[in-house]
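Here are some notes for a colleague who is meeting this structure for the first time.

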Amino acid sequence: MNLELLESFGQNYPEEADGTLDTGSMAVTCTFNRHGTLLAVGCNDGRIVVWDFLTRGIAKVYNAHAHPVCSLSWSRNGRRLISAATDNLVCIWDVLSGECLHTYRFPTPIMKVQFAPRGGTVALVCPLRPAPVLLRVGSEHVTLPTLDELDSNIVATFDRRGDYIFTGNAKGRVAVIKTKSLKVVASFRVTTGTTNVAIKQIEFARKGTCFLVNTADRIIRVYDGKEVFMCGKNGEPEPIQKLQDLVNRTPWKKCCFSGDGEFICAGSAKQHQLYVWEKSVGNLVKILQGMRGEQLLDVVWHPIRPILCSISSGVVSVWAQNQVENWSAFAPDFSELDENVEYEEKETEFDEEDEDRSEDEEVKMTEEDQVEVDVTTVDPIRAFCSSDEDEQDPECLEFLPISPEIDEPEENVLLPPPDPTNQPTTSTEPSAKKQKVQNIKLNGTPGGEEHPLITGTKKPKKKNAGGRSRAGKPPKEVKQRTKVRQSRAGDDVLSMGTTIAGL
């Protein structure tokens, strides 16, 4: 695919809905690989569904977890996938074979996992309570330093190249930690004064040094990373832009940059609405409205093209540009025909030798015929290369092989045919040894906490004042009604025993 031909000279943001992706179960989170050719979707039943985004078909399905998948991240070369579930398990998968390479169990719920941008052996894990953990495959884990010993609900993310880790706490302070030495090199507060504003998310652009901070005061602040380093510790960098909904005061569920870093998208926490701003100017350019009454769970921007994917009601919605074919831009004399017209052939149009052609035209035609065209050299696609790279990664996995489909209408058409790599072995040889689960111990973590995705929909039980039953009702009827209420509450629980907010 020639990406240069897809380059649009107008707006580079989506304008309308472009279909949906149905995984066959409730989708919770999604993420693109580095080139945007594959989309991984984490589902409510613990499955991970990988979509071929060019053909909009399912390429692979992993029966990854027994509980809902809450976070996903691709490695740089696309051959590894790290996932986190609501049962506090973090797994690293081989994308091609579907094999689980490493499994880690944490004592507290996991909010986010992220592979290092320049490697597949280092990952960042953000638990609910203690400080974020730097997970090194084949080595011991390291807990990141914090600005305050009592910090809680800390969010963290790698910068664009993975040299630094940016963390934000519930008091509105952002710390910059060097990945190799784990030392704090810079810090600042997003607000001035004594008010503490919790930081909900930190996100970096794929190009440039800008990053955004989503805070609880419903304002998205965009900073320049170079200015943050120049200010040092306890600095006061000024945000480039402050983005917010002044009319409705909308809180933001998830924010992301466009592939070129020129636009910012924010998803509403109240309903399925996507706001798109232009970063350089700060003006609102588009509001994408989903179905009313739906609650947004996740939104991601395609790494290269102006495409958005959002999740609500368990379905992945795709938003893209309205492509209008304009052939006259390529050929000025091009004209569209309403019906077929018989072509009038010129007298010497297909003759091998034109008698009316002059000698100068003959020499020019022979020179054009002798031009050699190189069809063997593969030039790197600039859209797939970083600013400090000249060539593409030869080990990068862009597509997954798909077995041919068999027409069996009685089976589920949404699922691909059985993958031989995921089928259990029936041979008489002893089965392979199960993957060992490595327990991660963290200091100061209370046990028994539930993930916010699960606890978000649990309703508190209503009790009568003083424990008395209603007047005129015998105690037997009260007992019967409590049983009915318990059974109805049990109907709301999904098959795996958990419920998720917004599904």
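**Notes on surface patches and salt bridges**

1. Glutamate 325 is found in the loop between β28 and α3, where helices (H or I, at least four residues) and strands (E, at least two) are DSSP runs numbered from the N terminus. Glutamate 325 is exposed, with a relative accessible area of 63%; the classes used here are buried for under 20% relative accessible area, exposed for over 50%, and partly exposed in between, with a 1.4 Å probe and protein chains only.

2. This is a predicted model, in which local features need pLDDT of at least 70 and side-chain atom pairs count only at pLDDT 80 or more, while totals for chains, interfaces and linings use all residues. Residues are numbered from 1 along each chain as its sequence is written, and side-chain values use heavy atoms, with hydrogens and water left out.

3. Together with Glu336, Asp338 and Glu339, Glu325 forms a negative surface patch. Patches are made of residues with over 30% relative accessible area and no salt bridge, like charges being joined within 9 Å and nonpolar side chains (Val, Leu, Ile, Met, Phe, Trp, Tyr) within 5 Å. Lys and Arg count as positive and Asp and Glu as negative, whereas His and the chain ends are not counted; the place of a charge is taken as NZ of Lys, CZ of Arg, CG of Asp or CD of Glu.

4. Phenylalanine 330 also has its place in the loop between β28 (315-320) and α3 (359-369), and it is exposed, with a relative accessible area of 68%. With Trp327 and Phe334, Phe330 makes a nonpolar surface patch of about 390 Å², the areas coming from the Shrake-Rupley method with a 1.4 Å probe and, for residues, only the protein chains shown counting as cover.

5. A salt bridge is a side-chain nitrogen of Lys or Arg within 4 Å of a carboxyl oxygen of Asp or Glu, and by this rule there are six salt bridges. In one of them, arginine 47 meets aspartate 45 at 3.1 Å, N to O; arginine 47 counts as buried at 11% relative accessibility, whereas aspartate 45 is partly exposed at 29%.

6. Lysine 254 and aspartate 298 meet in a salt bridge of 2.9 Å, N to O. Because lysine 254 lies in strand β22 (residues 252-257) and aspartate 298 in strand β26 (residues 296-301), the pair ties together parts that are 44 residues apart in sequence. Aspartate 298 counts as buried, at 5% relative accessibility.
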